[in-house]
Amino acid sequence: MLEWNNSALTALQQCGERFRRRYIEREPEAPSPSMIRGSTVHAVAKVALRRKLGGKPNTALPTLEEARDLAATDFEERWGAQEIRLVAGDEEDGAEALAQAKAESKDFAVALSAYHVQELAPRLRPVAVERKIIVKPRDSDLVIHGTLDVVTQPESPVSDGPRDLAPPPDTIRDLKTSTKSPGKDTADKSQQLTLYGLIRYAEVGTVADELALDYLVRTPKRGEMKTVTLTTQRGPEDFAAVVARVNAAVEAVKRGVFLPADPNAWWCSEKACGFWSSCPYVSKGKRRPQS
């Protein structure tokens, strides 16, 4: 039985052929350097925030040196465990380009991991870290799941007379890494946050007060770092809309409808898709000669 999360839903919406090969045929898709570095930053953030989980006393965040060491070790393990997808400008310089991409990506991951424990992690009060939630609607064989990076609450719960007994507000947060700042409406448009809000609502029975995207940004030329946090909200109408999308996706898969991506879409490219070079829907004129 196929289980649905944001990655699967987005894949089908963007390109049915990529979805089919990845989720139906289970073909492996090699990660790109940016995917490896992002996974490393997430791994170090998880270590840091789990130390703060529940406000445990006598626990400290990793030092900058420890964060850098954790990141370097994690990155090397991930890089060495699988083939890396790289688009080089010149086939003959492939090995050199791969080495350069590794060095730059590792430096990015190490720097942002240290920056996270220094700038973002101290400001968060986590009540759940890497929380996996599985939702099985009644009278349906549908399964929706997701893993929330972190759920936080204010350091000092808001006091308001007789409402003191009410639980403090939850914020569902998702961590992103980037080389540039996101658009101001990125959180408002995020399907991922809608699904996270939905499954958290199914788990606890209340709608999260806020959802947030925490972007750790490091500019490629100067290496300047900053945190950009975008917040938004979701409600029952948003949840109903995304469930309708999932239901439509389920029907498409049942019928074997896997429409390929628009060839002009940015994700239909060698850089963005690991199946691009062997895709039957890609014009031969677009492909580079294979060695």
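At what angle do helix H1 (residues 6-14) and helix H2 (residues 16-24) pack, and how far apart are their axes? The model is predicted, so local features need pLDDT of at least 70 and side-chain atom pairs count only at pLDDT 80 or more, while totals for chains, interfaces and linings use all residues. Residues are numbered from 1 along each chain as its sequence is written, and side-chain values use heavy atoms, without hydrogens or water.

H1 and H2 pack at about 140°, with their axes 5 Å apart. Axes are lines fitted to C-alpha atoms, for helices over the stretch in contact, and angles run from 0 to 180 degrees between N-to-C directions. Helices (H or I, at least four residues) and strands (E, at least two) are DSSP runs, numbered from the N terminus. The angle makes H1 oblique to H2; under 35 degrees counts as roughly parallel, over 145 as roughly antiparallel, 65 to 115 as roughly perpendicular, and the rest as oblique. Ser7, Ala8, Ala11, Leu12 and Gln14 of H1 make the contact with Gly16, Phe19 and Tyr23 of H2, where contact means heavy atoms within 4.5 Å.

The sheet is open, with five strands in the order E1-E2-E3-E4-E5 and mixed pairing; two strands pair if DSSP finds at least two bridges between them. Strands E1 (126-135) and E5 (225-232) each have a single partner strand, so one side of each lacks a neighbour in the sheet. E1 runs antiparallel to E2 (residues 144-152), joined by eight bridges, and Val129 stands opposite Val150 in E2.

Helix H7 (residues 191-204) packs on the sheet, touching E1, E2, E3, E4 and E5. The direction of H7 makes about 90° with that of E2.
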